[in-house]
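Visitor: Please take a close look at the aromatic side chains in this model. Then place them in the rest of the fold, in one connected account.

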Amino acid sequence: MSEDSNKDEGNLFKKIFKEYYLTEHCLSLKDLSDIYPLSRINTDDVMASRGLTSEEAQFKLSLEGKNIILGNNFKVKGRFVWFKAFILEILHTFRLLMLFSAIICLLIFFLDMQRTMELSISIFLTTILTLLCIGSLIQKKRISEHVKSFQKIIYKECEVIRDNTITPISAINVVCGDLLKINEGDRLVADVRLLKSSNLLIESSWLTGQSQAFKYIPDVEEKHTEAYAARNIIYKGSYCIQGSGLALVVKTGNDTIIGKLIKEHTYKYKEKTSLEKEHRVFIITITIISFLFGILTFILGICLNEIKNVSNIMTLFINGFLVIVLSNIPHGLTVILTTQLIIIAQRLGKQHMFIKKLEMAATFGETTVLLCCKDTIMDTSQQKIGNVWFNNQIMNEKDLIKRLQEEKANKDGSKNWINKNLELNILIEIMCLCNRAVVEHHSSSRNSFQNSSNTIYSLNDNISINFNKKEIINEDHSLENIYIKGKPTDVSCLKFITKFMTTKELFLLRELHTIVYEEAFEVQSRYHLIISLTEKDKNTITLNNGIPYISYTLMVKGAAEEVFRRCSSIHINDKNVEISTEVKEDFEKAFLLLAEKQQSCLGFAYKKFLAPQGLNFKNEKMLQMYCPFILSNINEWSFVGMVGIETLIRKNIQKSINQLHRAGISLFITSGDHPETLKAVGNNMLQKINVNSKKVVEREFMEGETNDRSSKKIEVIHCGSLHLLTDYHWKTILNLNGIVFFARTKPEDRYEIVKKCRYFNEIVTVTGHGILDSPALKEANTGIVVNAIGSILAQEAADVIAKDTTLQAITEGINEGKLLHKNFNKSIAYTLSHMLPEIIPILLTFIFGFPLILNSIQLIVIDLITELPPSIALIYQKERKLENPKTKAKNKSNMIPWKLLSYSYIQIGIVISIGCLLSYFLTYLHYGIYPSQISSLNISILPNDKEIIQEASAAWHITLVISQVFHIFSCATYRTSIFRRQKLNKVLLLAVLFEVTITILLLTVPFINDWLFIKPPPYFVYVIAITTGIIITMYNEVRKFLLRRSNKYLWVKVFSW
């Protein structure tokens, strides 16, 4: 991908609007009528327009297609296709093994019709497989309901004018040229050009990320006005808050803005997850092992037996190849994986985290880099102003509010301190007007705003507001009933103002100023800008060459150092003075002082200028001509002051950060704040974290565990220097034991950070909120987006939809994913351990002619009834910590799990097999039958001999099951000693109790004995079984001890899995 395309990915709107060609906003009704003659627009009376005919609309629909948005992955937004999804579920990872087993059983039956047991097993396995697939589909269906995003903002029906009548139609049948009726409560079904409106307020949070509604009017825009700045173009998905109107449909389907955005960022299932890759390798490995065993046994059978006819070969093929292959397939793993994935999805769902693809839970748990925004560690909803800098002095917010309230209560308005302070007047005015936050209040508080008063409060000679002392006293009461909604910085400014101004005064101040132009805050420019006009300014006209000029006021709020850089003068002591070197030094000192207090600095500036009356500031050429100080870097603003905004660090964050670092996960935090502010925040966090870390290290040292990731550091990187970082720098950052802050971050910077991390094979999890985060969310291994206003399109690009993205919630999600992967490996280790003890009986029967030791039903009972519940219960096993020692995890998804196979087949499998063989042969010896005589029992017709065979079979069965009962606890505790006090997994205890109870019932209930062809064995078999279990436990205790104490030695790592 080229560098230019990378920039386009970051600057999303620039890319989309470059492809979006529209001129209708600059056309008059007459021009629109000429371009859309079939719409029959009445230029004299728009509401009398006749619209398309039904035939014309049908013809245009056949040409243009339906008004449907088709993304890159139609499955996500289309209806849930059950049949296709069912087939895909059957072909999914371990389910292939169960399908393969069912086919083999069916093949055995067709080759030998007398083997009806295999037919029953085939039917049973197919039933289990079907139920698993249905269960998985139901869970995915539930998740799909939660992650449907942009469908929620597409309205299903609408009203259009056709055949000269208002006709309700389906939204998908709307075509270009239709005249669309807009009513209160409607969502727009297409991009439209407004023709007529009545008090129309439109909210487009899906595009802007803000819930604030704007007024739309049908006036013709200037020729050079961009479509996105026009107030007569309403985009599909926007919501009509108030009023009504009539509009001309100009874009439908994928040609709309939301269509282009969704096509660009519709969720794509990413490359195979690590869990899928591991399972694919595991399946291939198990299949190869099974076929090798089968081929080897088949060849051995041919060599040992005399082949007389085709029937003998067929018998050898069935017993020596197909049965061996079938016995090597771990049927239980299919059920275990599906069940554990569903359980994990439900547990994450309880935490309000919904994963689009179940296997992504494991990828989530394998995170090595967590890239999140400041909201993750800091509660921006609780922001407040801490200090104010004006007149070259810093005042504490509490002291300033106290003085303002005292001065405001002074009846002598001429002596009022705030009236005499020009800088404070201007500062308060900018904070109030250059602000998109909205004040809402309950009906109980409205009466408090109706009082009149006699005292005058003046703001910069532009506004006079009444208040009296009584109103001051009641102010706190009224404030309890108001609610301020908007961006955190805007809300914090209004909260500051409402501490010394009543809501009535605030509303009146906004009403007396008309905002003629506004540029909302953008991460590119880092400031919010408005041009306001008062009634006094409107009436003060100056003629210049016969053209009436009036005074406008530019007000700016933004990143303090950016705003200060654009200023040539500063207001100090009621004077506007040039910014000198001394003033710059004073500003920098104040800025750094506020930054050291962990406060984000917000600067304020303004400029008065003359421009023609009625100038259209939306016209870029006009703006460039009369306001060059806005579009260019001309430094003509006048700096007023700045405020330091405090943001509280979230509670319990130290625990989450410690867990992440113990898991080897790098924590990257992106923010728009200045580096010095982030450095102060980070240092404050580390003071508490390192104290807790020392306590943990001391405890681990006492327990015999070491971890050199105890003392953490802070690194702050300005995103303006990202392009200067070399591979060496990135490696250092990725291996830093601490927190990395990225200051002054833009959306394209987040995208570049993700790309760089993935270049170094890191598994990256990214959090996001708005549409501009979509490129980074798509690029990451796991994208998490919060379900909130303005995040609808970001949800399309994400893998996980969450209620909140606090660090604690994300850590819990990673923990669940990590436990899924670890606990499933435990289930594999436990399940595969009985494979060798199940294969050996078949080999003894096939090679030495022993009576059938374990029949097919016994194998199914062991795999899918007795041992299945304990295997599934392992998903509920909690680890003492997120364990990932010191270094980052390497991607081993394409590697054969030799250690795990060695542990299951060789280390534990051999121990259990020896115990089973001992029980088996001692049972025969108990009745005086030596190993050399066992094969002769096959042809015996004596009832007593059959009972001995059944007791020997039961002896093998019991030893296998009881050994696994002991083994499950060793697997559950992973590397922790079972003798160490820990929280018990109650589900696992119940599962083991179920396993033991079922086994007892199999031995004691007569008709079940006859069905399984087993009888209760001699008492010493239980002693052998328990002894085998104890040996397994002691072996695992020694193995775990070596791994905990001597894991640096290569020979010790052989015993890990």
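Predicted model: local features only at pLDDT ≥ 70, side-chain atom pairs only at ≥ 80, totals over all residues.

Guide: The charged end of Arg 231 sits over the ring of Tyr 216, at 5.2 Å from the ring centre.

Next come the contacts between rings. A pair of aromatic rings is described by the distance of the centres and the angle of the planes. Pairs are counted when the ring centres lie within 6.5 Å, and the count comes to 25 aromatic pairs. One of them is Phe 496 with Phe 500: the centres are 5.5 Å apart and the planes stand at 80 degrees. Planes over 60 degrees apart count as edge-to-face, so this pair is edge-to-face. Phe 496 has a relative accessible area of 3% and is buried. Phe 500, at 2%, counts as buried as well.

Tyr 549 and Tyr 626 also form an edge-to-face pair, with 6.4 Å from centre to centre and 65 degrees between the planes. Tyr 549 belongs to strand S19 (residues 547–559) and Tyr 626 to helix H25 (residues 620–626), so the contact ties together parts that are 77 residues apart in sequence. The burial cut-off is 20% relative accessible area. Tyr 549 has 13% relative accessibility and therefore counts as buried, whereas Tyr 626, with a relative accessible area of 21%, is partly exposed.

Elsewhere, Phe 848, Phe 850, Tyr 920, Phe 921, Tyr 924 and Trp 956 form one aromatic cluster. Tyr 924 is also among the residues with the most contacts inside the largest nonpolar core, together with Leu 667, Ile 739 and Leu 832. That core has 118 residues. Apart from it lies another core of 36 residues, which includes Phe 500 along with Val 388, Leu 494 and Ile 497.

Five of the five residues of S9 are buried, so the strand is largely enclosed by the rest of the structure.

The UniProt record, an unreviewed entry, places the feature "transmembrane region" at several stretches, including residues 85–111, 281–304, 900–922 and 1019–1038. Helix H7 (residues 95–111) has 17 residues and should span 24 Å at 1.5 Å a residue; the end C-alpha atoms are 24 Å apart, which agrees. The buried residues of H7 include Arg 95, Met 98, Ile 104 and Phe 109. Residues 281–304 are 100% helix and 0% strand, with end C-alpha atoms 34 Å apart. Over residues 1019–1038 the chain is 95% helix and 0% strand, and the end C-alpha atoms are 30 Å apart.

Note on methods: Residues numbered from 1 in each chain as written. Heavy atoms only, no water. Helix = DSSP H or I, 4+ residues; strand = E, 2+ residues; numbered from the N terminus. Expected span 1.5 Å × (residues − 1). Buried < 20%, exposed > 50% of the residue type's maximum accessible area, 1.4 Å probe, protein only. Phe/Tyr/Trp six-rings, centres within 6.5 Å; stacked < 30°, edge-to-face > 60°. Lys NZ or Arg CZ within 6 Å of the ring centre and 35° of its normal. UniProt positions renumbered as here; feature names shortened; annotations may be inferred. Core = buried A, V, L, I, M, F, W, Y, C linked by side-chain atoms within 4.5 Å.
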